[in-house]
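Keep the view open as you read.

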Amino acid sequence: MATKTKKLFIKTYGCQMNVYDSERMADALAPRDYVVTADMEEADLVLLNTCHIREKASEKVFSELGRLKKLRDRRAGQGKPTMIGVAGCVAQAEGEEIIERAPVVDLVFGPQSYHRLPDLVQRAKNEHVVDTDFPEEDKFDYLPQASKQATIARGLTAFLTVQEGCDKFCSFCVVPYTRGNEASRPVSRIVAEAKALVEAGVREITLLGQNVNAYHGQGLDGADTGLAALLFELAKIEGLDRLRYTTSHPRDMNDALIAAHAALPELMPYLHLPVQSGSDSILKAMNRRHTRAHYLKIIEKIRAARPDIALSGDFIVGFPGETDADFADTLSLVKEVGYASAYSFKYSPRPGTPGASLEGQVEPHIASERLLELQKLINEYQLAFNHSCVGKTMDILLEKTGRKPGQLAGRSPFLQAVHVDADLSLIGQIVSLGIKSAGQNSLYGEQLAKPSGKPDNPRQADQPRQSIRSA
Ligand code: 5AD
Ligand code: SF4
């Protein structure tokens, strides 16, 4: 008997790990005949995959739920039922309370329950369901692999979670509470998943973990294996041209990993290494367990191993107790490192974290002023880095059509967006481009030589990407 196809819409907030998780949720529901749609209006099941890292991110979920109530009523008027689920870190942190605040929600489940999703959805047809346990079993052992078709639709670059959770307990951060203790997947599983991605045409994989460079999974020989050895193993996969990893903690940037940057051409010369502040006293209050000098020493070693590496970071301004002098230390660190890009945030006290109850909370208008000043400086360095690329030749992975007709868009080794006027047939190829001009957020290139990529890439230029969106 043929089963009726149901439509699934997933809206993703927050980090890349949520993007990956949303894809796995779609994979988990595919055997139950759920097909992803880009149109929320036609969805039988709407899932919000949420982020709890800052208050703003959490609050977005509740305004979306207000809109969803209207959508549900509209659809009900047409005789169509709609199920609404909240997943991710807000779900983990707030559980039952989400349904109390937004009764439109049928289903709340945390990041460790995705493999149970088909059963949770079944149960939610009859009752409100909340599942925020940290189960004994590892969800990765139960989640089905993506179909080749789904992988092809998702594009030429892919995320692959290798590690989850965090034991660092920075005093501002909810991650250790929402994602739990650090856990690493075995090398064999990661390699198998990477091979399946490559078989479906993926050429670049970004390994994900909240604390990815603390990775210590079971190796192929059964021994404890670090991120450097995992990268060496993955680099052996034919057709996997580019590797990246994110996000790292300075304390876990060990010599083996730094050496991998020198040894592996597949490992792209870009590193996101958050520091959060340039002031030692704030770093201490944040429980970062490293100093400014320690951070700079690591940067020096990385640059010795890979002189062209582009560095990125994360910063928080307005952490409790931050003085003008502390903030000046952050500005001076940005100048000293010369980041190619960086992300900066106003401190947001998170319930349950030690930072939230610290004395000396900084006035919001001061934090806002500091954020503006820091972002201005970061933008200057980013623009300078982009300008320094003009006149150089770079290998660009052409991923999709660009915004303007006749243009393709891709990424440089340094993760910059690059546009080029080129033929559609080049999508999926790594092409040598001369960089002609640069702006704040992207480069413009011209084709120099014949593409160096695989001639048999299965991609079609007009294949749409799936509807899982990052907000
Ligand atoms: N307030 C502001 N920014 C935060 N981050 C994490 N927690 C908070 C918070 N409570 C930032 C950090 C981290 C990035 C993912 O988000 O800079 O590296
Ligand atoms: Fe949060 Fe990163 Fe610190 Fe872990 S290392 S507590 S994820 S900021």
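Predicted model: local features only at pLDDT ≥ 70, side-chain atom pairs only at ≥ 80, totals over all residues.

Find helix H11, residues 255-263, and helix H13, residues 292-305: they pack at an angle of about 30 degrees, and their axes are 8 Å apart. Is their crossing left-handed or right-handed? Look from the side and you'll find that H11 and H13 make a right-handed crossing. On the H11 side, the contact involves Asp255, Ile258 and Ala262, and these meet Lys301, Ile302 and Ala305 of H13. Sort the residues of this contact by type and you get four nonpolar and two charged, with no polar ones.

The peptide bond from Thr246 to Thr247 is cis, its omega being near 5 degrees. Thr247 sits in the loop that runs between strand S13 (242-246) and H11.

Next, over to ligand 1. Which residues surround it? The list is Ile53, Arg54, Phe172, Gln276, Asp314, Ile316, Phe345, Lys346, Tyr347, Ser348 and Arg350. By type, this shell has five nonpolar residues, two polar and four charged. Some of them come within polar reach of the ligand. Arg54 has a polar side-chain atom 2.9 Å from an oxygen atom of ligand 1, while Phe172 uses a backbone N or O atom, 2.9 Å from a nitrogen atom of the ligand. Gln276 brings a polar side-chain atom to 2.6 Å from a ligand oxygen. On its own, ligand 1 has 400 Å² of accessible area, and the protein covers 87% of that. The elements that give two or more residues to its shell are strand S15 (310-317) and strand S16 (341-346).

Stay with Gln276 for a moment. This residue is in the loop between strand S14 (270-272) and helix H12 (280-285), and its phi is near 80 degrees, a positive value in a residue other than glycine.

Last stop: ligand 2. Around it you'll find Cys166, Lys168, Phe169, Cys170, Phe172, Cys173, Val175, Pro176, His249 and Arg288. Their types come out as seven nonpolar, one polar and two charged.

Key. Residues numbered from 1 in each chain as written. Chains lettered and ligands numbered in written order. Heavy atoms only, no water. Near = heavy atom within 4 Å. Polar contact = N/O pair within 3.5 Å; in protein donor to acceptor, adjacent residues only side chain to side chain. Areas by Shrake-Rupley, 256 points an atom, 1.4 Å probe, with all protein chains shown as cover. Helix = DSSP H or I, 4+ residues; strand = E, 2+ residues; numbered from the N terminus. Nonpolar A, V, L, I, M, F, W, Y, C, P; charged D, E, K, R; others polar. Axes fitted to C-alpha atoms, helices over the stretch in contact; angles between N-to-C directions. Left-handed = near helix turned anticlockwise from the far one by under 90°. Contact = heavy atoms within 4.5 Å.
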